[in-house]
Amino acid sequence: MLQRGTNYYDGIVGVTQCEIPNKVTFLYNFTLEQYGTYWYHSHFQGQIVDGLKGPLIIYDPKDPYYGKYDYEYIVTLSDWYHTPTGILLPLFRANTYKGADPIPDSGDISGLGQYDCKAAPKNSTCNPNNKIATYVVKKGKKYRFRIINTSALVHFTISIDNHPLTIIEVDGDYVKPITLDAIPINIAQRYSVILDANQPIDNYQIRAHITICTPINNRTLNYNASLNHDVTGILKYDGAEDKLPTSKADSLNYTSKACRDVNPNSLKPYYENKVPKNVISTFKALVTFGSLPTGKGVALINNSSFVPNSNYPTNQQIVEGVDPYKLPSSQNAHVYECNSGDCKDAAVDIYILNNSSDSHPFHLHGHIFYIIYNGENGTGINPPNEKDFNLKDPVTRDVVTVLPKSTTVIRYNANNPGVWFFHCHIQWHLNMGMAAQMIELPSIFKNTTIPADVTGLCVGIDLDKKKDNKNSKTK
Ligand SMILES: [Cu+2]
């Protein structure tokens with residue numbers, strides 16, 4: 001969410017707030033100015049991986065695609081670890097694993113997946129014979145599927161046998177319709193697609209193919225997981241027999257889509273974009289991995305691993321007079337003001353220079369961005385020639401995949417004063433510090449009044465008092 005004027009409700013420990021203690025109620029109260037398919041999740045430790053997440057759909061009364069479909073479904077895709085992150089995360093961060101991303105045990109569609117429980121880790125919960133996600137459609141009708149990848153680690157390619165999918169929305173923004181047999185979707189990305197239920201009445205396989213886009217070796221935590229890379233669901237026509245689909249996949253070439261986005265050059269914005277031209281600041285983010293002298297693996301942006309200041313979030317520091325230009329290097333702060341030109345047209349370019357062998361889905365808070373350059377796999381981290389930027393009709397997103405050993409350039413309007421988190425959405429990379437803080441127009445932002453409920457999280461809460469307040473309200 002853009003959180004314009006409410007940066008302090010953006011939910012990042014050490015950036016915009018302190019953590020919410022157990023048994024305390026905290027209200028995020030903000031005004032929406034966006035429509036489309038989003039999701040919410042915890043941004044603390046590994047809670048998102050344990051399931052603290054869900055879809056957030058905002059309906060647009062002027063949706064240009066209303067009338068082009070009859071019904072809609074929400075489809076979440078996720079990986080699943082039987083081991084809770086309370087155990088997994090410390091193991092992962094321990095020296096021996098050098099930060100190789102833990103491999104999930106399984107995957108699910110809208111929370112439903114199947115697994116051979118004999119292979120599940122000891123003492124973990126595993127339910128045999130789980131249901132399979134089933135979406136019932138009526139022949140002759142059209143359906144909007146809102147697809148969200150809420151994974152910790154994995155990339156999905158989703159397809160439905162005999163049913164091409166027409167993309168109409170990408171990360172909350174409408175695009176001109178484009179029809180594909182299979183949709184690659186990286187972590188935190190969203191697509192709305194329209195499906196035409198025009199096939200014979202039957203059951204059709206939904207295929208959510210998993211790809212792990214980071215290197216695996218025998219030091220990788222859970223590397224021998226019996227992960228089934230082909231998660232399935234059922235598209236069931238009303239009137240079809242209750243049986244598993246026997247439909248065949250079209251000749252799907254997963255490798256050509258693995259770890260990639262739908263080609264950004266093939267996606268065209270539905271409404272004409274005006275790309276801002278007054279670039280007030282350029283942030284060159286060199287993305288690498290490294291290790292501390294102790295051997296502990298870290299993720300680095302410009303050779304610095306982000307460590308949140310959990311007890312004194314950056315937004316409060318700036319409001320209380322701390323000079324944002326003097327934050328410690330562990331804060332990975334990039335600070336910019338608009339001092340020249342038309343500030344309504346002010347823009348920031350982020351060059352994501354990925355010098356690792358992983359692909360990274362990068363997400364920026366508080367903004368949607370234009371993908372003005374998306375380098376091919378292996379083309380290197382030399383800053384591209386600006387002549388190659390697409391400033392005419394780039395697609396907007398809020399998560400972009402940066403391929404291994406390549407460069408991507410995003411541009412966004414610098415019109416939202418605040419402290420905005422910029423990070424890889426692979427949960428394990430985030431835990432290793434693959435994050436930066438974009439400190440936008442601090443000379444304006446420092447005049448913000450941060451509400452007492454937010455600052456109160458940092459001064460220690462009297463739990464009994466808070467409970468009394470809550471009780472008195474409910475009475
Ligand atoms: Cu990453």
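User: Which strand gives the most to the lining of the largest pocket?

Analyst: Strand 1 does, with four residues in that lining. Please note that the model is predicted.

User: What volume does the largest pocket have?

Analyst: Its volume is about 970 Å³. The lining comprises 32 residues, and those closest to the pocket centre are D10, G11, Y40, H41 and S42. Two elements, strand 1 and strand 18 (360–364), each give two or more residues to the lining of this pocket.

User: How do the lining residues of the largest pocket divide into nonpolar, polar and charged?

Analyst: There are 15 nonpolar, 13 polar and four charged residues in the lining of the largest pocket.

User: Changing topic to the metal: which protein atoms are donors of the copper ion?

Analyst: The protein donors are ND1 of H360, SG of C424 and ND1 of H429, which lie 2.0 to 2.1 Å from the copper ion. Along the chain, these donors follow the spacing H-x63-C-x4-H. H360 is in strand 18 and H429 is in helix 4 (residues 427–431); this pair, 69 residues apart, links distant parts of the chain.

User: Are H360 and H429 buried or exposed?

Analyst: Both H360 and H429 are buried.

User: And what is the relative accessible area of C424?

Analyst: C424 has a relative accessible area of 0% and is therefore buried.

User: On to the cysteines. How many disulfides does the structure hold?

Analyst: The structure holds four disulfides. With the bonded cysteines counted along the chain, their pattern is 1-8, 2-3, 4-5, 6-7.

User: What does a disulfide consist of, in general?

Analyst: It is a covalent bond between the sulfur atoms of two cysteines.

User: How far apart are the sulfur atoms of C18 and C458?

Analyst: The sulfur atoms of C18 and C458 are 2.1 Å apart, and the two residues form a disulfide. The torsion about their S-S bond is about 110 degrees, so this disulfide is right-handed. C18 lies in the segment before strand 1 (36–41), and C458 lies in the loop between helix 6 (452–455) and helix 7 (463–474), so the pair ties together parts that are 440 residues apart in sequence.

User: Why is C18 classed as buried?

Analyst: C18 is classed as buried because its relative accessible area is 4%, and buried means under 20%.

User: Which cysteine does a disulfide join to C213?

Analyst: C259 is the partner of C213, with an S to S distance of 2.1 Å. This disulfide is left-handed because the torsion about the S-S bond of C213 and C259 is about -100 degrees. C213 is in the loop between strand 12 (203–211) and strand 13 (230–237), while C259 is in the loop between helix 2 (254–257) and strand 14 (278–291), so the pair ties together parts that are 46 residues apart in sequence. Both C213 and C259 are buried.

User: What about C338 and C343: is the link right-handed or left-handed?

Analyst: The link of C338 and C343 is left-handed, with -90 degrees about the S-S bond. Their sulfur atoms are 2.0 Å apart.

User: Last topic, cavities. How many are there of 30 Å³ or more?

Analyst: The count comes to three cavities of 30 Å³ or more. The largest cavity holds about 60 Å³ of space.

User: Which residues line the largest cavity?

Analyst: The lining of the largest cavity is made up of V75, Y135, F145, I147, I158, I160, L165, V193 and I206. Strand 6 (142–149) and strand 7 (155–160) are the elements that give two or more residues to that lining. By class, the lining of the largest cavity has nine nonpolar residues, no polar and no charged ones.

User: How much space lies in the second largest cavity, and which residues line it?

Analyst: The second largest cavity has about 40 Å³ of space. S159, I160, D161, N162, D181, A249, D250 and L252 form its lining. By class, three of these residues are nonpolar, two are polar and three are charged.

Conventions: Residues are numbered from 1 along each chain as its sequence is written. This is a predicted model: local features need pLDDT of at least 70, side-chain atom pairs count only at pLDDT 80 or more; totals for chains, interfaces and linings use all residues. Side-chain values use heavy atoms; hydrogens and water are left out. A disulfide is a pair of cysteine sulfur atoms within 2.5 Å. Buried means under 20% relative accessible area, exposed over 50%, partly exposed in between (1.4 Å probe, protein chains only). On a 1 Å grid over the protein atoms alone, a cavity is a set of points where a 1.4 Å probe fits but cannot get out, and a pocket is an open set with protein on both sides within 12 Å along at least five of seven lines; lining residues have an atom within 4 Å of a point. Grid points are joined across faces, edges and corners, and a volume is the space filled by probe spheres set on the points. Ala, Val, Leu, Ile, Met, Phe, Trp, Tyr, Cys and Pro count as nonpolar, Asp, Glu, Lys and Arg as charged, and the others, Gly among them, as polar. Donors are N, O and S atoms within 2.8 Å of the metal (3.2 Å for Na, K and Ca); water is not among the atoms, so sites may look incomplete.
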